[in-house]
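Visitor: Hi! I'm new to this one, could you walk me through it?
Guide: Happy to, let's take a look together.

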Amino acid sequence: MTITATGRTVRKASPGAARSPRRTGRLRRAGLPYLLLLPALLLELLVHLLPMVIGIVMSFKELTQFTLRDWGAAPWSGFDNYRVSVDVDAPVGEALLHSFLVTVAFTLLSVALCWVIGTAAAVFMQDAFRGRGLLRALFLVPYALPVYAAVITWVFMFQHDNGLVNHVLHDQLHLTGRPSFWLIGDNSFYALLTVSVWKGWPFAFLIVTAGLQNIPRELYEAAALDGAGMWQRIRRITLPSLRPVNQVLVLVLFLWTFNDFNTPYVLFGKAAPQAADLISVHIYQASFVTWNFGTGSAMSVLLLLFLLLVTGAYLAVTSRERRTGRA
C-alpha cells in the first residue's frame with residue numbers, strides 16, 4: 001500500500017497477481033489440444049493397447065482348451081511358448097519358420113509389383129487426355145471393393161473346371177497343357193500373389209498420383225527444352241521428387257501385406273496350402289484350430305517384435321538419407 005499526497009491510501013497490485021490470469025489463459029490454451037485428444041487416446045487404449053497387453057500376458061501362460069474357460073487362473077509357463085515357437089528343429093518351430101519365409105517372399109513380391117504398377121499407372125495418367133477421369137475411377141475399383149466380395153469373386157475365377165482363369169489360359173490362349181489347380185499346391189502362392197497385387201496396386205496409384213501433383217510442371221518443360229527424353233525425365237525428376245512419398249508408401253504396403261489375414265483366409269479357408277501359408281493364417285491355425293492359445297500368442301508377440309524392428313530400422317535408414325540429402 002502507498003499513501004498519496006492527498007492522504008489517500010492506494011493498494012498496489014502485486015506483479016504475480018497481474019500475471020496470474022494471463023498465465024492461466026496460456027495454460028488453458030496449451031492444454032486444450034491434449035484435452036481434445038483424450039477421447040481418441042482412451043479409445044486407442046481400449047481397442048488396441050489393452051488387447052495387446054492381454055495377448056502378451058497370454059503368451060506366458062499354458063493356455064489350451066482345458067484352461068481356456070478360466071484363462072486368468074491358467075498356470076504360468078514362462079518362456080516355454082517362445083522356446084517352442086523358435087525351435088526350428090521341432091515341428092512347431094519348423095512350420096513357423098516355413099510360414100515366415102513364405103510371408104517374406106510374398107510380401108516383397110507383392111509390394112514391389114504394387115509399387116511398379118501403381119507408379120507406372122500414375123505417371124501414365126499424369127498428362128491430361130480425354131477419358132482420364134473415367135480411367136482413374138476404373139483404376140480405383142479394386143481398392144474400393146469390399147475385401148470379401150472381391151476375393152470371393154477371385155475364388156470363382158480360380159476354379160479348376162469352370163473358372164475364368166483356366167478358360168482363358170487353357171481353352172483360349174492354349175498356354176497350359178491342362179487346366180491348373182490354383183487354390184491348392186504350389187500354384188496357390190501365385191494365386192494369392194495375383195489377388196494381393198490386384199487389390200493393392202490402386203492404393204499405390206492413388207498415393208503416387210497425389211505426390212505427382214506437387215512436382216512443378218516447369219521442371220518437365222525445362223527438361224524437355226534441354227532435350228531430355230521421357231525416361232530421363234522420370235529418372236531425374238519424377239523418382240527423386242517422389243522419394244518422400246515412396247518411403248511412406250513402401251512402409252505402409254509392407255505392413256499391410258505382411259499382416260494380411262482376410263485375403264488368404266477368404267481365398268483358401270481355415271487351412272491354407274503349404275505354399276501359401278502366410279504367418280497370419282498360421283497363427284490363427286495355431287490358436288483356434290489346435291486350441292493352443294499360449295503358443296499362438298507367443299507367435300503373435302514374435303511377429304510384433306519383428307515388425308517393430310523392421311519398421312524402426314527402415315525409419316532410421318530413411319531419416320538418415322533425408323538428413324544426408326539436405327546436408
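Visitor: Is aspartate 80 buried, exposed or partly exposed?
Guide: Aspartate 80 counts as partly exposed, because its relative accessibility is 39%, which lies between the 20% and 50% cut-offs. Keep in mind that this is a predicted model.

Visitor: Okay, and which residue forms a salt bridge with aspartate 80?
Guide: That's arginine 83, with the closest N and O atoms 2.7 Å apart.

Visitor: Where do arginine 83 and aspartate 80 sit in helix H2?
Guide: They are three residues apart in helix H2 (residues 80-86), so about one helical turn separates them.

Visitor: How many salt bridges does the structure hold?
Guide: The structure holds one.

Visitor: Switching to pockets: what volume does the largest pocket have?
Guide: About 620 Å³. It is lined by 24 residues, and those closest to its centre are Pro51, Met52, Gly55, Ser300 and Val301.

Visitor: Which helix supplies the largest share of that lining?
Guide: H1 does, with ten residues. Helices H13 (279-289) and H14 (293-326) each supply at least two.

Visitor: And what classes of residue are in the lining of the largest pocket?
Guide: There are 15 nonpolar residues, eight polar and one charged.

Visitor: What about the second largest pocket, how much space lies there?
Guide: About 330 Å³. Its lining has 15 residues, with Tyr143, Val147, Lys199, Gly200 and Trp256 nearest the centre.

Visitor: Which helix gives the most to that lining?
Guide: H8, with four residues. By class, the lining of the second largest pocket divides into eight nonpolar, five polar and two charged residues.

Definitions and conventions. Residues are numbered from 1 along each chain as its sequence is written. This is a predicted model: local features need pLDDT of at least 70, side-chain atom pairs count only at pLDDT 80 or more; totals for chains, interfaces and linings use all residues. Side-chain values use heavy atoms; hydrogens and water are left out. A salt bridge is a side-chain nitrogen of Lys or Arg within 4 Å of a carboxyl oxygen of Asp or Glu. Buried means under 20% relative accessible area, exposed over 50%, partly exposed in between (1.4 Å probe, protein chains only). On a 1 Å grid over the protein atoms alone, a cavity is a set of points where a 1.4 Å probe fits but cannot get out, and a pocket is an open set with protein on both sides within 12 Å along at least five of seven lines; lining residues have an atom within 4 Å of a point. Grid points are joined across faces, edges and corners, and a volume is the space filled by probe spheres set on the points. Ala, Val, Leu, Ile, Met, Phe, Trp, Tyr, Cys and Pro count as nonpolar, Asp, Glu, Lys and Arg as charged, and the others, Gly among them, as polar.
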